[in-house]
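This report describes selected features of one protein model, with attention to charged pairs and to the surroundings of individual residues. Please consult the sequence and the structure while reading.

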Amino acid sequence: MGVSEHKYVGVPGNLAAPVVEDGVPIVPVATPVDPAALDDPSSLPTARKVNARGKGSDDLELEEERGDGITVTWEKGEVQPSAYRDKWFAAAFLAQLTGVVGAAIAIGPAAWEDAIAAASDESGSDESAAGDGSSAEGAPPKEFWFAVVGIALVVAPALSFLAMTVMNRNAAGLIKASLWFSIVLCGLSAAFLLPVAPPAGIMYAIFTVCLVWYARAVKNRIPYAASNLKCGITVLKANLGLGIVSLASMTGLLCYSGGWVCAFVGTIGLDFMTESTETVGQYGSGTGSQDSNLSAVGSFVVFLFVLSLYWTHQVLKNIVRTTVSGVVGTWWFSPAEAGSFCSTAVSGSLVRSTTYSLGSICFGSLIVAILHMVRDSLRRSQNDRNGGILRCIALCILTYIERLVEYFNKWAFIYVGLYGYGYIDAGKRVFNLFKTRGWTTIIADNLVNRLLGIMCLAIGLLTGVCTLFAAFCVEEWESTQGWIGMGFLVGFLVGLILSGVFMGLLSSAVDAIIVCFAEAPKELEESHPKIAHEMSSTWSEAWGDTFGPVIVGLGGGLGVV
């Protein structure tokens, strides 16, 4: 994030000079008060101390101790000096990446050629056995691929931009429609399943009732979520170079996956990877067959390969998220640096994400990658009858833990991108965010992501329809085989992937905006007054005419929003 005169460094600068008592500054913080409490002066909030921590007075933490003993804190972030953080995790990631690429180059090609030759021999023998009268069905003509893929690559981005334009004009209505669409879909599922599978139908009916209750409970929050969405669209349209970053990340993942397959195929064929064990024959004759299994070293190597695949996928995805957060921060505080296709905000944020913050990204990504591996291992072993119930319970618990960590990580990486914190420090900020803002962050995030998911599905279906028409035309011209369904499937997948790129960027931008508005609403008024007015007004609709810390109940506890 570019540093300028608008840098937010902690306690707002518009407060009067604090009174110093025993070397500790006392700063008054506005807190909404129930009018009925004015009759009892003892219940009114008083000025509270601000504890100066760290190297200077810029790192300030506001603390309030309530009558029930719960202390609520709100510590605002500040830009960190340029330094490599969590560097050992970055070193480990680069080492494993170098190992996979080196193995792919050294032993991959020969093993791959052997695998292709073996597959060709097998297919040749199958064709010989089948006879000359029945040959394999031919592949689609080149015209088919040019037409289908070409149209999909044009239609999907165009529909994505159209979708962003439509969402920008009627964000609140579309969010509300997406919420009720989920309710209707869940209700129809319940009605369909009740006669066929009553337990599943009852469960969907319960889900429908819960969704109706949720829709009624969050209706006042929809305008605020809509203003966040429109702000995110504004940021993304002003910095379309983020699309190139995301596409480059996807291309890098595809190239890495290809290299990973070559390296894995080459490594699995080495002698030390397997060991042969002789099966004892009937009556202990010792003439049984020989089985080839992975050796202890081979099992460990396979574990490292699988971990590398999961880890690299997570790192590339989170580099994009962190880059988007940095661009949003620059747009928020220094808009002049974030107003073009490939602005300095995009390039600067990408450089920081791949250098200074790479270790922090690798740290958080490794945790999720390990959880993914363990979960998938439990799923593959579900058919094993030994300990089936316990394994199912463990899988359920692990799935919830994984989702919780993923959700936590996505907010932690926002702090990494905005301020340059290390992963642990960013995690502390996330805990502080949810402790003080309560469920409002989750509600705004959930409402927006629901709409974006439906948009991705709609764009995929519309792209599939367009490529279906192209496939029909190509079949009429060149082919007598039935590839129309393939045309729809290719278009649907391409549309889903490309729209997912843009909607994923938009989702990351909205999340960063939620954090920025919690951290520095006044700076938005200076840099983007029109957007700030809309966000503050929708905030007032949900929470009243209050700015800054607002005490709300959170299921028996307290929070500040």
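Asp511 forms a salt bridge with Lys410, and their closest N and O atoms are 3.3 Å apart. This pair links distant parts of the chain, since Asp511 belongs to helix H14 and Lys410 to helix H11, 101 residues apart. A salt bridge is defined here as a side-chain nitrogen of Lys or Arg within 4 Å of a carboxyl oxygen of Asp or Glu. Helices (H or I, at least four residues) and strands (E, at least two) are DSSP runs, numbered from the N terminus.

The model is predicted: local features need pLDDT of at least 70, side-chain atom pairs count only at pLDDT 80 or more, and totals for chains, interfaces and linings use all residues. Residues are numbered from 1 along each chain as its sequence is written, and side-chain values use heavy atoms, with hydrogens and water left out.

**Salt bridges**

Side chains of opposite charge can pair when their charged atoms come close. A search of the whole structure finds five salt bridges; the table presents some of them, including the pair described above.

| Pair | Closest N and O atoms |
|---|---|
| Asp511 and Lys410 | 3.3 Å |
| Asp511 and Arg321 | 3.2 Å |
| Arg375 and Asp376 | 3.0 Å |

Asp511 forms a salt bridge with Arg321. Because Asp511 lies in helix H14 (residues 484–519) and Arg321 in helix H8 (residues 296–333), the pair ties together parts that are 190 residues apart in sequence.

Asp511 is buried, with a relative accessible area of 0%, and Arg321 is buried at 13%. Lys410 is buried as well. In the other tabulated pair, Arg375 is buried at 14%, and Asp376 is buried at 14%.

Thr399 is located in helix H11 (residues 388–419) and counts as buried, at 12% relative accessibility. Leaving aside residues up to four places away in sequence, Thr399 touches Arg375 and Arg379, where contact means heavy atoms within 4.5 Å.

Asp86 is found in the loop between strand S5 (71–75) and helix H1 (87–106). With 23% relative accessibility, Asp86 counts as partly exposed. Most residues other than glycine have a negative phi. The phi of Asp86, however, is near 50 degrees, a positive value.

Note on methods: Buried < 20%, exposed > 50% of the residue type's maximum accessible area, 1.4 Å probe, protein only.
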